[in-house]
Amino acid sequence: MAIDPAASGAVLKRERVRDALLELIEARRPGDGVPSERALCARLGVSRPTVRAAVDELVVAGLLVREHGRGMFVAAEKITQELVAGHGGLTVPQARGVWTSRVIELRTLPAGARVGRRLRVSPAATIRYAARLRLVDGAPMAIEHLHLPAALVPGLTEAELEQGDLYEHFRDRHGVRVAEAVQSVEPTVVTRAEADLLDVPELSPALLFERLTTDTAGRPVEYVRSVYRGDRYRIVSRLSLAPSAPGADETHGGEGHHHPGFPPGDLTSRGPVSFSAHGVVQHD
């Protein structure tokens, strides 16, 4: 499948505008005002339709509120329900199908305030930013935006992002061993540019994954924002209300498989409560 340069360019521009808006939101409190679309166009150097589309996305996501005649404001904080895995661990079994990747963009740039906070680096520190289209059995399934500290993966290549297990490349080629991740999942809808890349109608339902991965030393090594097609996925959680048996095997490996929301490979996280949660993400 050939990637449409116009569609991918629009997605990347929208992502940069969205990141700038998120920084504005995170620097304010609920109820605080946000600059007008015209002011944002001048500040960001982009067109009115681009800003409006990004604002529309954040309104739908519940992060901004428009009030007729008054302007835009930061929305009230969301209520968060946290699920913590127990001693048996949280594992994500492999998804079906053959997963492949197509790199849309790979470049080095300053982290910025928002990404810098997540990766615990200075806003001026350099990161490796990669955008890639994820496909299963040749059909587009997700758009991933990866942010990695450049000091940890200075020689990261497009081949590593398109071939094999990314976490294995981290370990074998860069000496980075991932250990744990915190990932959130929430519903969203795709923008026109995302719809073109994912081959779905605009405003189709989607799943928004955000993940922060740390290594064995507790350093953040990866911040990822991914949009997955909602028409191809369902999430099923299997909860066991008793501790897992001592010494139970928690690993699920296998080359050529993929965990939706995760690069191919196994990731096991632990928590302090007394039940184990096994999250299963499937595509129909």
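Which residue in β8 is the bridge partner of Ser 184? In β8, that partner is Glu 210.

First, a word on what you are looking at. This is a predicted model, in which local features need pLDDT of at least 70 and side-chain atom pairs count only at pLDDT 80 or more, while totals for chains, interfaces and linings use all residues. Residues are numbered from 1 along each chain as its sequence is written, and side-chain values use heavy atoms, with hydrogens and water left out.

**The six-stranded sheet**

Helices (H or I, at least four residues) and strands (E, at least two) are DSSP runs, numbered from the N terminus. Two strands pair if DSSP finds at least two bridges between them. Follow the open sheet across and you will meet its 6 strands in the order β4-β5-β6-β9-β8-β7, with antiparallel pairing. At the edges stand β4 (99-110) and β7 (178-189); each has a single partner strand, so one side of each lacks a neighbour in the sheet. From one strand to the next, the twist averages 15°. Angles here run from 0 to 180 degrees between N-to-C directions, and axes are lines fitted to C-alpha atoms, for helices over the stretch in contact.

Helix α1 (residues 5-26) packs on this sheet, where it touches β4, β5 (126-136), β6 (139-149), β8 and β9 (220-229). The direction of α1 makes about 50° with that of β4. Contact means heavy atoms within 4.5 Å.

**Strand pairs to compare**

| Strands | Bridges | A residue pair |
|---|---|---|
| β7 and β8 (residues 205-215) | 11 bridges | Ser 184 and Glu 210 |
| β1 (residues 33-34) and β3 (residues 71-74) | 2 bridges | Val 34 and Met 72 |
| β2 (residues 64-67) and β3 | 4 bridges | Glu 67 and Gly 71 |

The strands β2 and β3 form a hairpin with 3 residues between them, and in this hairpin Gly 69 takes a positive phi near 85°.

**How the helices meet**

Now look at helix α2 (residues 37-44) and helix α3 (residues 48-60), whose axes come within 9 Å and cross at roughly 115°. The two helices are therefore roughly perpendicular to each other. (Angles under 35 degrees count as roughly parallel, over 145 as roughly antiparallel, 65 to 115 as roughly perpendicular and the rest as oblique.) In this contact, Glu 37, Arg 38, Leu 40 and Cys 41 of α2 meet Arg 48, Val 51, Arg 52 and Val 55 of α3. By class, these residues divide into 4 nonpolar, no polar and 4 charged. Ala, Val, Leu, Ile, Met, Phe, Trp, Tyr, Cys and Pro count as nonpolar, Asp, Glu, Lys and Arg as charged, and the others, Gly among them, as polar.

The axes of α1 and α2 come within 12 Å and also cross at roughly 115°, which makes α1 roughly perpendicular to α2. Val 17, Ala 20, Leu 21 and Leu 24 of α1 make this contact with Leu 40, Arg 43 and Leu 44 of α2. Here the classes are 6 nonpolar, no polar and 1 charged.

**Salt bridges**

A salt bridge is a side-chain nitrogen of Lys or Arg within 4 Å of a carboxyl oxygen of Asp or Glu. By this rule, the count comes to 21 salt bridges. One of them joins Glu 57 and Arg 18, with the closest N and O atoms 3.3 Å apart. This pair links distant parts of the chain, since Glu 57 lies in α3 and Arg 18 in α1, 39 residues apart.
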